[in-house]
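Dear colleague,

Please find below the structure I am handing over to you, followed by an account of what was found in it.

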Amino acid sequence: MSSPMHVRKALHFASLRAKLAQGKGGLALRLLLAACLAAFLLVFAARSLSSPSPSSSSVSSHQQQQSPIPTTSDCIENNKQNKLPSAVMEALVHYATSNTTPQQTHAEISVSLRVLQRRAPCNFLVFGLGHDSPMWAALNAGGRTAFLEEDATWIASIKSKHPDLESHHVAYDTVLTEADALLELRTHPACTAQPDLAAAAQASCRLALKGLPQEFYDVEWDLIMVDAPTGWTPQSPGRMSAIYTAGMAARARTPGTGPTDVFVHDVDRPVEDQFSKAFLCEGYLAEQVGRIRHFVIPSHREKDGTPFCP
């Protein structure tokens with residue numbers, strides 16, 4: 001129950017409210033009075049709750065005996081476990097402060113996202129370094145995400161803003177005008193009868209990328225995204241070699257480690273359309289949404305004599 005002092009204070013506020021309502025600026029003053037009254041009631045309620053009954057005190061004491069007070073080391077450990085990965089924090093800040101959007105649409109990104117949600121953290125190789133690179137690194141937080149880029153100047157520009165992104169320079173020795181001739185290599189043993197990329201390069205397959213960083217060969221890549229190099233001008237490298245290289249890396253995967261998910265963007269263009277079907281194989285096509293295709297390619301080292309395409 002409330003004390004006489006509390007009752008007198010409540011009556012005093014009610015009387016003051018009636019007087020203020022009759023003066024000028026009644027609305028503003030009434031709002032102020034309501035706020036004061038609400039604050040008083042909150043203080044009164046807090047004081048009432050701060051005097052627990054004997055039974056509640058007993059329960060509280062019992063809980064304290066069973067739940068020891070966390071130590072400083074406990075708090076530090078909990079903070080580490082709940083802390084966002086740095087790649088995620090950097091991506092959040094980047095996209096919150098930038099007007100530049102990723103090259104892929106929401107529906108296209110969702111294709112890769114569903115696989116990353118299942119396989120991350122994993123080894124993710126991306127042909128191309130761009131405005132969407134922080135996003136891919138963040139979606140694979142805790143894994144390894146590496147980017148292969150043709151333009152050394154562009155690498156320096158992106159690295160100045162995102163120094164933690166792993167990127168490597170790659171040189172291409174093909175041009176888009178050679179695409180028709182290179183497509184005919186689909187039936188050439190130098191390109192399709194080799195166990196891995198190194199053997200294809202040794203056999204002089206023109207599609208086999210040379211000069212790749214050692215990191216490419218040291219890692220089993222779980223996901224590979226082909227979204228580069230430049231492929232919209234006649235003298236640009238085109239994505240012929242990148243698509244072939246992604247397929248060969250998947251076929252040479254260590255037996256027993258599962259398939260490789262390969263994604264090719266811009267399949268609305270002739271080269272990306274034809275070369276992904278020819279060298280990643282329509283039989284391995286799992287999904288197409290918009291301009292992106294998703295292939296699931298098993299290791300060809302699992303069984304001798306596995307054909308290049310099913």
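**Sheet and salt bridges**

Strand 2 (residues 144–149) pairs with strand 3 in the parallel sense, over four bridges. Within this pairing, phenylalanine 147 stands opposite serine 167 of strand 3. Please note that the model is a predicted one.

Helix 8 (residues 152–161) packs on the sheet, where it touches strand 2 and strand 3. The direction of helix 8 makes about 165° with that of strand 3.

The sheet as a whole is open and is formed by seven strands in the order 3-2-1-4-5-7-6, with mixed pairing. Strand 3 and strand 6 (285–289) stand at its edges; each has a single partner strand, so one side of each is left without a neighbour in the sheet. From one strand to the next, the twist averages 15°.

Helix 6 also packs on the sheet, touching strand 1 (123–127), strand 4, strand 5, strand 6 and strand 7 (292–297). The direction of helix 6 makes about 165° with that of strand 5.

I now turn to the charged side chains. The structure holds 15 salt bridges. Arginine 119 takes part in one with aspartate 222, at 3.5 Å from N to O. Aspartate 222 lies in the loop between helix 12 (214–218) and strand 4 (223–226), while arginine 119 belongs to helix 6 (residues 106–119), so the pair ties together parts that are 103 residues apart in sequence. Both of these residues, aspartate 222 and arginine 119, are buried.

Arginine 119 also forms a salt bridge with aspartate 261, the closest N and O atoms being 2.7 Å apart. Because aspartate 261 lies in strand 5 (residues 260–265) and arginine 119 in helix 6, this pair ties together parts that are 142 residues apart in sequence. Aspartate 261 is buried, with a relative accessible area of 2%; arginine 119 is buried with a relative accessible area of 19%, the cut-off for buried being under 20%.

A further salt bridge joins the side chains of arginine 206 and glutamate 178, at 2.9 Å from N to O. This pair links distant parts of the chain, 28 residues apart: arginine 206 is in the loop between helix 11 (197–202) and helix 12, and glutamate 178 is in the loop between strand 3 (166–169) and helix 9 (179–183). Arginine 206 counts as partly exposed at 35% relative accessibility, and glutamate 178 counts as partly exposed at 24%.

Finally, a network of salt bridges links Glu108, Asp227, Arg239, Asp266, Arg269, Glu272 and Arg291.

With kind regards

Technical notes:
Residues numbered from 1 in each chain as written. Predicted model: local features only at pLDDT ≥ 70, side-chain atom pairs only at ≥ 80, totals over all residues. Heavy atoms only, no water. Salt bridge = Lys/Arg side-chain N within 4 Å of Asp/Glu carboxyl O. Helix = DSSP H or I, 4+ residues; strand = E, 2+ residues; numbered from the N terminus. Buried < 20%, exposed > 50% of the residue type's maximum accessible area, 1.4 Å probe, protein only. Pairing = 2+ DSSP bridges. Axes fitted to C-alpha atoms, helices over the stretch in contact; angles between N-to-C directions. Contact = heavy atoms within 4.5 Å.
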